[in-house]
Amino acid sequence: MPTNEVIHGLGLDDYKFGFVTDSEPVFRARPGLDADIVRQIAARKDEPEWMLKRRLRALAIYESKPMPKWGGDLSELEETLAQTYFYSKPHEQMERSWEDVPENIKLTFERLGIPEAERKILAGVGAQYDSEMVYHSLKEEWEAKGVIFDSIEDGLRNHPELFRRHFGTVIPAADNKFAALNSAVWSGGSFVYIPPGVHLETPLQAYFRVNQERLGQFERTLIIADEGSRAHYIEGCTAPVYSTDSFHSGVIEIVVNPRAYFRYTTIQNWSNNMYNLVTQRALVHEGAHMEWLDGNLGSKLTMKYPSCYLMGEGAHGEILSIAYAGDGQHQDTGGKVIHVAPRTTSSIVSKSISKGTGRASYRGLCKVYDGAERARSNVECDALLINETSRTDTFPYIEIDERSATVGHEATVSKVGDEQLFYLMSRGLDEAEAMALIVRGFIEPIAKELPLEYAVELNRLIELEMEGSVG
Amino acid sequence: MKKSPILAVRGLRASVAEAGVEILKGVELEIGAGEIHAIMGPNGSGKSTLAKVIAGHPGYEADGGHVRLRGENLLDLEPDERAQAGVFMAFQYPVEIPGVSIANFLRSALQARLEDGEELDLFDFQDLLTGCMGLLGMDPSFAQRAVNDGLSGGEKKQSEILQMAVLKPALAVLDETDSGLDIDALKVVAAGVNALREENPEMSVLLITHYQRILDHVQPDAVHVMVNGRIVESGGPEVALELEAQGYEEYRRTHAA
Ligand SMILES: Nc1ncnc2c1ncn2[C@@H]1O[C@H](COP(=O)(O)OP(=O)(O)OP(=O)(O)O)[C@@H](O)[C@H]1O
Ligand SMILES: [Mg+2]
């Protein structure tokens, strides 16, 4: 297909988007982490005193917490962190219009593989390049409605009260070691506020990529969907290949106020030397509705469990996730739903694909507190194994302290069958095409929830991945 | 006058790849362009195995003989290459591919025939699909159903015929496509096969069946009887009528394993 050709034309092998453009950061801290680095970050950003204090407190928490022993293998991570640059800033100013974006940065965006879709959505996109927003433009319609869609730095600067009221309330620094790390050194990310009753038809999109060797990416996003609002936020990113291990550890906090509806979509495709440890959580209040749609491809190890804390009566949380573990990769993903209030409902649908020596683990928590009367939760996880060497495992944790709650869990593991391959090949598809079609069918229930250009992108990535799976 | 053969099967011996059990024990069969041949035979006699060996199922190994399509030895080709060469097999037990619609599947199959860099025209495809579905009296929404997943037994068979209609093979091997169809569906499928042949008089059909019924609608040029991995009798439509009356007892006795 021509779309594949374009990508092949880049002359890249293992990781199709693994190119590097030269861009000299304006400022870059030295590698490693201590209080001085944290002070430098805060000073460069011209942050208020309270934020610096928070950062320093978070650093102390980070240092006091041990490396997690569960999940994936983090034994080489300490070394990686010592090599990591914790902050870099590519440009002094936020760019407002596409024309102002420097050529080499544009080139990077173009080479990401979906330039057409990218251009189409530029009018409303916030894109992150390295640690900060380079390009960020907001549709006039949104401005008129009072919607805030800013870089996290601008959010802090321009909306200090709103920011301070919510920052760190969904995911406190003490939540886990990597949340603490992020709270100490965060840089870049989005700040979003949807006023009461405002409905947005067009998704808010942030496209970002990490583009500097050994640059840790600690994006921080804070979203507040106020009462009765409706919106959809989309984030997608790919990263270039490097010889040393890279590290990404984001924190995404979302507050969904009563009767609001919010969906957060991520497709991440990291290069396969990346540690990707992300904490994302939503507080879902009375009658509100939160959906996480999470796609994880690439990386060396991803540990990511989007969660919904169902705080108010009748709140609903949904987590749809797709994980793709290629050779040597470990996707440890899933979701958490915490039922605190009565009549809260949730569902987790997780689909994973393991190829070659890839390993996909589902790790999920469903907790129902005493008093969350008639809470209902359903978990479904399906794993597809491509090769004999592929691996999958399931770790469902279920804790129920409420008698009237109903919780269902269903797990399936399937292999790509020889009969399926033969059937498709007997209609003229070659083995890789047949495999890709089976995989696409497998993830279809989730892919159909994606906006078209993302579904196309996902399908294309899977086709590329399947090319190496036969033989 | 006999037309030049589309399919020539000579001395074909084949076994189950893993077990090494021989199932086809020297099959001889020749089908001319535009001809319809029926194969009948008791359960387990090797009819489906013959169909799968023609289509290239990896679970079977050809141990001897050859299968030629327009002179080209199919046994050297992968299943997809055989499809590209013009072979189509309607499965006795169609396989479920969850999440893939019939329309998407057919589009991928047609796309796979094009040269690299060529893109299937979606409007042409839509016209072709709609036309074929009309021919088979199918509701257009049927193409949005998943490939065999959640389809009834009869619907699966109809979907196989739809695929044949869209892919327009040179040789269609229909393995018990008539089993499991209700009387009306059987007529529609038969009418579809006939209409396709009208459109493409060169298309040859190898029809595996247990019942005379479908042969009332699709007139065979020849009927073969397969017993224990061999074709033991060939003749005209009267062979099927005799079988209908007498069963396989006589053949079984004379061609025991
Ligand atoms: N993969 C396999 N493994 C073991 N035995 C097999 C396999 N495939 C076919 N056989 C055996 O080969 C013989 C022929 O099977 P085949 O399916 O070709 O019969 P058939 O003539 O199509 O029968 P039916 O009329 O019941 O469809 C049977 O005895 C069957 O059990
Ligand atoms: Mg059979």
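**Salt bridges, sheets and an interface, checked against their cut-offs**

Biologist: What makes B:Arg10 and B:Glu28 a salt bridge?

Modeller: The closest N and O atoms of B:Arg10 and B:Glu28 are 3.4 Å apart. A salt bridge is a side-chain nitrogen of Lys or Arg within 4 Å of a carboxyl oxygen of Asp or Glu, so the pair qualifies. B:Arg10 is in strand 1 of chain B and B:Glu28 in strand 2 of chain B, 18 residues apart, and the pair links distant parts of the chain. Over all chains, 26 salt bridges are found.

Biologist: What kind of model is this?

Modeller: It is a predicted model, in which local features need pLDDT of at least 70 and side-chain atom pairs count only at pLDDT 80 or more, while totals for chains, interfaces and linings use all residues. Residues are numbered from 1 along each chain as its sequence is written, chains are lettered from A and ligands numbered from 1 in the order in which they are written, and side-chain values use heavy atoms, with hydrogens and water left out.

Biologist: What makes B:His66 and B:Arg68 a polar contact?

Modeller: Their side chains are joined at 3.2 Å. A polar contact is a pair of N or O atoms within 3.5 Å; within protein, one must be able to donate a hydrogen and the other to accept it, and residues adjacent in sequence count only if both atoms are side-chain atoms. B:His66 lies in strand 4 of chain B. Beyond four places in sequence, its contacts (heavy atoms within 4.5 Å) include B:Ala8, B:Arg10 and B:Leu75.

Biologist: In what sense do strand 3 and strand 11 of chain B pair?

Modeller: Strand 3 (residues 36-40) and strand 11 (residues 222-227) are parallel over 4 bridges, with B:Met40 opposite B:Val225. Both belong to an open sheet of 6 strands, ordered 6-9-10-3-11-12, with mixed pairing. Its edges are strand 6 (87-90) and strand 12 (230-235). Helix 5 (residues 153-167) of chain B lies across strand 6 and strand 9 (171-175).

Biologist: How much area is buried between chain A and chain B?

Modeller: About 2200 Å², of which carbon and sulfur atoms give 66%. Buried area is the accessible area (1.4 Å probe) that two parts lose on being put together, summed over both. A:Phe422, A:Tyr423 and A:Arg427 lose the most in chain A, together 37% of what that side buries. In contact are 20 residues of chain A and 34 of chain B.

Biologist: Which side chains form the salt bridge between the chains?

Modeller: A:Arg427 and B:Glu160 meet at 2.8 Å, N to O. The count between chain A and chain B is 1 salt bridge.

Note on methods: Two strands pair if DSSP finds at least two bridges between them. Helices (H or I, at least four residues) and strands (E, at least two) are DSSP runs, numbered from the N terminus. Axes are lines fitted to C-alpha atoms, for helices over the stretch in contact, and angles run from 0 to 180 degrees between N-to-C directions.
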